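Student: I'm new to this one. Could you show me how to read its features, step by step?

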Amino acid sequence: MFFSLFSGIISRKKERIDYTLELDNNNHSVFLLYYHLILVVKYRRKVFSDKISQYAKDIFVRICSSYNITLEEWNHDQDHVHIMFRAHPNTEISKFINAYKSASSRLIKKDFPEVRRKLWKEMFWSRSYCLLTTGGSPIETIRKYIENQGR
């Protein structure tokens with residue numbers, strides 16, 4: 001659910017920028033938390049096809065509802081996926097990522113035998129992942145906005 005709350009003007013070197021943010025909300029707060037997650041297949045094996053990617057995406061959508069996460073974008077290359085999602089402040093993102101990696105690894109290897117031939121051990125995903133915060137204004141714009149408060 002989106003909550004339209006924040007309208008403002010930022011002044012920067014005589015330049016005015018008008019903006020409106022669509023924020024998520026819960027009982028006591030409003031927020032806008034976007035993340036970019038990159039997951040890599042173990043040993044960077046080239047196993048992703050459109051069909052496997054769609055299957056992995058469907059698993060993501062099923063699991064994310066239990067963690068107050070909403071999928072925004074999904075795309076894949078042969079050996080990794082890029083995922084953009086929104087989350088609530090109380091979401092335990094590392095627990096969600098581990099739950100997703102565990103479930104998707106098990107289900108992908110069960111339903112796609114060709115993957116088992118390329119990844120013979122239990123793991124499908126690399127142990128590591130890349131998680132970046134995204135969205136909103138550029139950091140420098142926010143820095144200037146904060147500096148100019150109360151002036």
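Rings and a helix

Tutor: Searching the whole structure turns up 12 aromatic pairs. Rings of Phe, Tyr and Trp (its six-membered ring) pair if their centres lie within 6.5 Å; planes under 30 degrees apart are stacked, over 60 edge-to-face, and the rest tilted. Take Y55 and F112: their ring centres are 5.2 Å apart and their planes at 75°, so this pair is edge-to-face. The pair links distant parts of the chain, with Y55 in helix 1 and F112 in the loop between helix 2 and helix 3, 57 residues apart. Helices here are DSSP runs (H or I, at least four residues) and so are strands (E, at least two), numbered from the N terminus.

Tutor: One caution: this is a predicted model, where local features need pLDDT of at least 70, side-chain atom pairs count only at pLDDT 80 or more, and totals for chains, interfaces and linings use all residues. Residues are numbered from 1 along each chain as its sequence is written, and side-chain values use heavy atoms, leaving out hydrogens and water.

Student: Is F112 buried or exposed?

Tutor: Buried means under 20% relative accessible area, exposed over 50%, partly exposed in between (1.4 Å probe, protein chains only). F112 has 6% relative accessibility, so it counts as buried.

Student: How far apart are the end C-alpha atoms of helix 2?

Tutor: The expected span is 1.5 Å times one less than the number of residues. For the 19 residues of helix 2 (residues 93–111) that should be 27 Å, and the end C-alpha atoms are 26 Å apart, which agrees. Its buried residues include I93, F96 and Y100.
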